[in-house]
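This report describes selected features of a predicted protein model. Please examine the sequence and the structure shown below before reading on.

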Amino acid sequence: MDKTLRSLLTEKQDLIIEKWCREIINTYPKETARFLKEKRDEFANPIGNTISQGIEQTFTALIQENKENEVHLFLKDMIKVRAVQSFTASQAVSFVFLLKRIIREELGKVAEEERIAKALLDFETQIDQLALASFDIYSECRDKLADLKTMELRNQTYRLLQQANLITSRPDTEPEEPHSEPESFLVNTKRKEVVT
């Protein structure tokens, strides 16, 4: 990164982070956004705390040109939170792109100077790559959530069939050590006659 641009971004770092945090919070519904802004306690407001710490660490890592996976690590917690909420993929990661506009607003006319403009374009390419990595993180989180839901549904179905006495152990399986997945089973389709 160009030393002059790094110096400018470091000088305006607190203001950029504050604006970026505000913009991210504004992507939530009004009631949620108000709560996230008002509550500063990390225990009463863990989402707000995750956002605040995540963007500060991400921005710092970007301007210090940390390794790519370190930058992704700081983003991961924020993306995980947004992946379990009712955001679409584009909504969940759109906050990364907001950083480009905020930086240009803060730099003002300086961003138009030839040397800074070129360095800024290179920096914005890094931000775009960060956004693409965010999509990957989001997809990975959503896949894990889907796997968990499938496993839970399977376990519930197994327990219901077990309670209804509709399960018999499969003769071709040997007993194994207990694990999280239910054992293979056959559904007993023979109905018991009830004599009245």
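## An exposed asparagine

Asparagine 165 counts as exposed because its relative accessibility is 54%, and a residue is called exposed when this value is over 50%. Asparagine 165 is found in the loop that joins H7 to strand E1 (167-169).

The backbone of asparagine 165 also deserves attention: its phi is positive, about 55°, although the residue is not a glycine. Most residues other than glycine have a negative phi.

## The length of helix H7

Helix H7 comprises 50 residues, which at 1.5 Å a residue should span 74 Å. The C-alpha atoms at its ends are 73 Å apart, which agrees with that expectation.

Helix H1 covers residues 3-11, and its buried residues are Leu5, Leu8 and Leu9. Viewed down the axis of H1, these buried residues fall within an arc of 95°, so they line one face of the helix.

The buried residues of H1 are covered by elements including helix H2 (13-25), helix H4 (46-63), helix H6 (89-107) and helix H7 (114-163).

## The start of helix H1

Which residue caps the N-terminal end of H1? Aspartate 2 does so, with a side-chain oxygen that lies 3.0 Å from the backbone nitrogen of threonine 4.

Note on methods:
Residues numbered from 1 in each chain as written. Predicted model: local features only at pLDDT ≥ 70, side-chain atom pairs only at ≥ 80, totals over all residues. Heavy atoms only, no water. Buried < 20%, exposed > 50% of the residue type's maximum accessible area, 1.4 Å probe, protein only. Helix = DSSP H or I, 4+ residues; strand = E, 2+ residues; numbered from the N terminus. Arc of directions from axis to C-beta. Contact = heavy atoms within 4.5 Å. Polar contact = N/O pair within 3.5 Å; in protein donor to acceptor, adjacent residues only side chain to side chain. Expected span 1.5 Å × (residues − 1).
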